[in-house]
Amino acid sequence: MAKYKAPRGTKDVLPDEIPEWRFVEETFRHVCSLYGYREIRTPAFEETELFVRTAGESSDIVTKQMYTFSDPGGESYTLRPEGTAPTVRAYIQHNLGYGMPLVKLFYIAPIFRYERPQAGRLRQHHQVGIEVLGSSDPAVDAEVVALGVDFLSSVGVSGYEIHINSVGCQNCRPAYRQALIGFLEPLKDGLCEDCKRRLKVNPLRILDCKEEICKALTASAPRILAYLCDECRVHFESVLSYLKTIGVELVVDSRLVRGLDYYTKTTFEFLHPSLGAQSAVLAGGRYDGLVEECGGKRTPGIGFGCGIERVLILRQHYNLRTDEGNIVDVFVCAVGESVRQHAFKLLKELRCAGVRADMDYLGRSLKAQMRFADRLGATYVVIIGDEELSNGVATLRAMRESKQQQVPLDKLVDYLRSLEERGS
RNA sequence: GCGGGCGUAGCUCAGAGGUUAGAGCACUGGGCUGUGGCCCCAGGGGUCGCGGGUUCGAGUCCCGCCGCUCGCCCCA
């Protein structure tokens, strides 16, 4: 047993898995560029206060999931538990909106939450996400959902449902909240323990409870869509209309309530059945009050986060797999100690000429060197021994064709480079 | 925080009270004295998660702890 292990709920991404990660990340970057989004990178930790203010005092994230620590100077910091607040903080701090009324950003970042790990849920996971700041146009809501659709289809994921809802705004949500409390108060003895507590701190969350008894009791509860103010109702209908125009299928789900306090108007989740209880692969919503809450000018915003590990689970589910291909193009086999200096020099020249190349550093037999070259996927093997050296040549073996020839040592690098160029 | 399953070689796993703990894959060497893949032979590699208990004897049975994993809550 190893003495040290990766902390609970964290994972090492090993070399064999890196191609999958790079594929997902690069695909995301590409899709974002098609939509005019630019990348931003923010620190892994922020002042604790930022998350407490934005996610909400009573949210699960703030009450029990944050990795908070104080640095030697006594400041309280928290490892990023979500991607939106840091992005908004950077947007305000650097005046990204100055002279640029609409800003579209994307990020790829680790996210930290203290939770019980299980399939598709980690204490450090990674999200790709986007944020649009500066427009309340319902077409932007539709664009954000559309980008999510394009991203998932580009990485080969299908079979999900998009649930969408509007949670209203500061003008209409209080009335709905009162109506909901009024409906549930007489029934509260039948609710689960968690929901009895939610009734006081965040009654909307009761609609999202997975307990059958709560689902039954809330089946006929008032629906938020019936309480939206004119502005929110028109906005939501317009979002649905834009999405219909581009052929995105939706499930309007009036029970969809998200865990963060800052959401307004549109909220959505992309749910996939094969993810089990953690069925959300991509989720987000509009947050028209967040920038102001963080000390900036009143600026509407909307975005989503998407769990990379969950995307990878789904790719596995669909038997999708990108592999690395060959690791080097050329392997240099030195036969005998006396030729190693020459082999080492040749290796350096190959690499400087842009040819991926390697050699043996374990003093292995030629047979073992060949086997290793095969395992690295080398297209060519260069064999140099005393005989070759005294004739000023090397044996060049084409592995896939199982053919070999003698090539003058001083022509070898150019020759291999030309073969490479022709091959690629 | 609560419940189920599992911890034996680098990996996947067999072994269910009785010599010195095994297999496949991988690795190293040889068959092939300078040539990969296929085949054959050999070799290296293990505090059987940790600690205690029962027993003449414990990977094996019992208890505790730790870890991993799956589910509940919640989230990407």
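Modeller: We will go through the conventions, then the spaces, the hairpin and the RNA surface.

Modeller: This is a predicted model, in which local features need pLDDT of at least 70 and side-chain atom pairs count only at pLDDT 80 or more, while totals for chains, interfaces and linings use all residues. Residues are numbered from 1 along each chain as its sequence is written, chains are lettered from A and ligands numbered from 1 in the order in which they are written, and side-chain values use heavy atoms, with hydrogens and water left out.

Colleague: Which residues line the largest cavity?

Modeller: Rolling a probe the size of a water molecule over the atoms shows where empty space is left. On a 1 Å grid over the protein atoms alone, a cavity is a set of points where a 1.4 Å probe fits but cannot get out, a pocket is an open set with protein on both sides within 12 Å along at least five of seven lines, and lining residues have an atom within 4 Å of a point. Grid points are joined across faces, edges and corners, and a volume is the space filled by probe spheres set on the points. Here there is one cavity of 30 Å³ or more; the largest cavity holds about 50 Å³ and is lined by Ile 40, Arg 41, Thr 42, Arg 80, Gly 83, Thr 87, Tyr 107 and Ala 109.

Colleague: How many residues line the second largest pocket?

Modeller: The lining of that pocket, whose volume is about 710 Å³, comprises 31 residues, with Arg 173, Asp 261, Tyr 262, Tyr 263 and Thr 264 nearest its centre.

Colleague: In what sense do β15 and β16 pair?

Modeller: Strands (E, at least two residues) and helices (H or I, at least four) are DSSP runs numbered from the N terminus, and two strands pair if DSSP finds at least two bridges between them. Strand β15 (residues 393-398) and strand β16 (residues 403-408) are antiparallel over six bridges, with Arg 397 bridged to Gln 404 in β16. Four residues lie between the strands of this hairpin, where Ser 402 takes a positive phi near 55°.

Colleague: Which residues are closest to RNA strand B?

Modeller: A residue is near a strand if one of its heavy atoms lies within 4 Å of it. RNA strand B is surrounded by 50 residues, the closest being Arg 113, Arg 121, Arg 198, Arg 258 and Ser 402. α13 gives the most to this surface, with seven residues.
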